[in-house]
Amino acid sequence: MTDETPPEQPPFDEAEYRRRQRSRANLMAWILGGLAFLFFFITMARMVVPK
């Protein structure tokens, strides 16, 4: 048997994890909101322009 200890991991920074999670959530909200507006304006344009 060897008496080796595993290498120490850096401490888990929950505040940094939450900050990154919030940043990703905000980015996804902006992307989804932009797509919703894009689809809305495309729909409006198709309704206004005669076929």
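The side chains of E16 and R19 form a salt bridge, with N and O 2.7 Å apart. Both residues belong to helix α1, where they sit 3 residues apart, about one turn of the helix. The model is predicted. Its secondary structure amounts to 1 helix and 0 strands.

**Salt bridges around E16**

- E16 has another partner: R20 bridges to E16, and their closest N and O atoms are 3.2 Å apart.
- R20 and E16 are also both in helix α1, at a spacing of 4 residues, about one turn of the helix.
- Shared partners link E16, R19 and R20 into one salt-bridge network.
- How exposed is E16? Its relative accessible area is 25%, so E16 is partly exposed, because buried would mean under 20%.
- R19 is partly exposed too, at 44% relative accessibility.

**The salt bridge at E14**

- Which residue forms a salt bridge with E14? The partner is R18, and the closest N and O atoms lie 3.6 Å apart.
- That distance counts as a salt bridge because the cut-off is within 4 Å.
- Helix α1 covers residues 14-48 and holds both R18 and E14. The two are 4 residues apart, about one turn of the helix.
- R18 has a relative accessible area of 42% and is partly exposed.
- E14 is likewise partly exposed, with 45% relative accessibility.
- The salt-bridge count for the model is 3.

**Aromatic pairs**

- How many aromatic pairs does a search of the whole structure find? The search finds 3.
- One of them joins F12 and Y17: the ring centres are 5.8 Å apart and the planes meet at 50 degrees, so this pair is tilted.
- F12 is exposed, with a relative accessible area of 65%.
- Y17 is partly exposed, with a relative accessible area of 38%.
- F40 and F41 also pair, with ring centres 5.4 Å apart. Their planes stand at 70 degrees, so the pair is edge-to-face; the cut-off for that label is over 60.
- F40 counts as partly exposed at 42% relative accessibility.
- F41 counts as exposed at 52%, because the exposed class begins over 50%.
- Which residues form one aromatic cluster? The members are F37, F40 and F41.

**Overall shape**

- The radius of gyration of the protein is 24 Å. A compact globule of 51 residues would have a value near 10 Å.
- The C-alpha trace spans about 80 × 25 × 5 Å along its principal axes.

**Surface and charge**

- What share of the 51 residues is buried? The share is 0%.
- The protein exposes about 5,600 Å². Carbon and sulfur atoms supply 65% of that area.
- The protein carries 7 positive and 6 negative charges.

**Putting it together**

- Helix α1 holds the pairs R18 and E14, E16 and R19, and R20 and E16.
- E16 takes part in the bridges to R19 and R20.
- The aromatic contacts include the tilted pair of F12 and Y17 and the edge-to-face pair of F40 and F41.

Conventions: Residues numbered from 1 in each chain as written. Heavy atoms only, no water. Rg over C-alpha atoms; globule rule 2.2 N^0.38 Å. Buried < 20%, exposed > 50% of the residue type's maximum accessible area, 1.4 Å probe, protein only. Areas by Shrake-Rupley, 256 points an atom, 1.4 Å probe, with all protein chains shown as cover. Lys, Arg positive; Asp, Glu negative; His and termini not counted. Charge placed at Lys NZ, Arg CZ, Asp CG, Glu CD. Phe/Tyr/Trp six-rings, centres within 6.5 Å; stacked < 30°, edge-to-face > 60°.
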